[in-house]
Amino acid sequence: MEINGVAHVMLTVSDFEACLPFYEKLLTYLGLKPVIRNADTFYCVGGRTAVGIMRCEDAHRGESFEQRRIGLHHMCLRARERGDVDEIYAFLKTMGAKIVHPPETGSWAPGYYSVLFEDPDGIRIEVNHVPGKGLLA
């Protein structure tokens, strides 16, 4: 058996009201189409995957994302071309997103190029490009 990609990623956010406009702008810019939008969930589909956010339980409101705790470390979306990483970086700056690092090369795979940023809850999101087959070459 071989999987056919990632079907979806759901992120639980502490401040849904602050995160909703961020994800509406980001995900639609990336070509994902909203298919669910209600008081507790925002979910978009496109690019052979889906990404959504969900409101956290009341007991966890106001908590901050901790990258080294159990669970999600960060989410990375794959760009089709290297220039897409530069393009999303320019877009993120217009949104006022917190940039962890601007586009840069990395040692994860030959030609690895990425930008890393945070949503309003501090959840880290990366957009990268790896040419060819990357580590599978």
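## Buried residues, a paired strand and a surface patch

Ser14 is buried, with a relative accessible area of 12%. Buried means under 20% relative accessible area, exposed means over 50%, and partly exposed lies in between (1.4 Å probe, protein chains only). This is a predicted model, where local features need pLDDT of at least 70, side-chain atom pairs count only at pLDDT 80 or more, and totals for chains, interfaces and linings use all residues. Residues are numbered from 1 along each chain as its sequence is written, and side-chain values use heavy atoms, with hydrogens and water left out.

Ser14 sits in the loop between strand S1 (9–13) and helix H1 (16–29). Helices (H or I, at least four residues) and strands (E, at least two) are DSSP runs, numbered from the N terminus. Leaving aside neighbours within four places in sequence, Ser14 is in contact (heavy atoms within 4.5 Å) with Cys56, His60, Arg61, Gly62, Glu63 and Asp121. A polar atom of the Ser14 side chain lies 2.7 Å from the backbone nitrogen of Gly62. Asp58 is 44 residues from Ser14 along the chain, yet their C-alpha atoms are separated by 8.7 Å.

Now to strand S7 (residues 113–118). It is mostly covered: 6 of its 6 residues are buried. Tyr113, Val115 and Phe117 are buried on one side, and Ser114, Leu116 and Glu118 on the other.

The hairpin of S7 and S8 has 5 residues between the strands. There, Gly122 takes a positive phi near 90 degrees.

His129 is found in S8. This residue is buried, with a relative accessible area of 10%. Not counting residues up to four places away in sequence, His129 touches several residues, including Arg78, Val85, Gly111 and Tyr113. Arg80 is also among them. The backbone oxygen of Arg80 lies 3.4 Å from a polar atom of the His129 side chain.

Is Val35 buried or exposed? Val35 is exposed, with a relative accessible area of 54%. Its place is in strand S2 (residues 33–37). Val35, Ile36 and Val45 form a nonpolar patch on the surface, with about 230 Å² of accessible area together.

Note on methods: Patches are made of residues with over 30% relative accessible area and no salt bridge: like charges are joined within 9 Å, nonpolar side chains (Val, Leu, Ile, Met, Phe, Trp, Tyr) within 5 Å. Accessible areas come from the Shrake-Rupley method with a 1.4 Å probe; for residues, only the protein chains shown count as cover. A salt bridge is a side-chain nitrogen of Lys or Arg within 4 Å of a carboxyl oxygen of Asp or Glu. Two strands pair if DSSP finds at least two bridges between them. A polar contact is a pair of N or O atoms within 3.5 Å; within protein, one must be able to donate a hydrogen and the other to accept it, and residues adjacent in sequence count only if both atoms are side-chain atoms.
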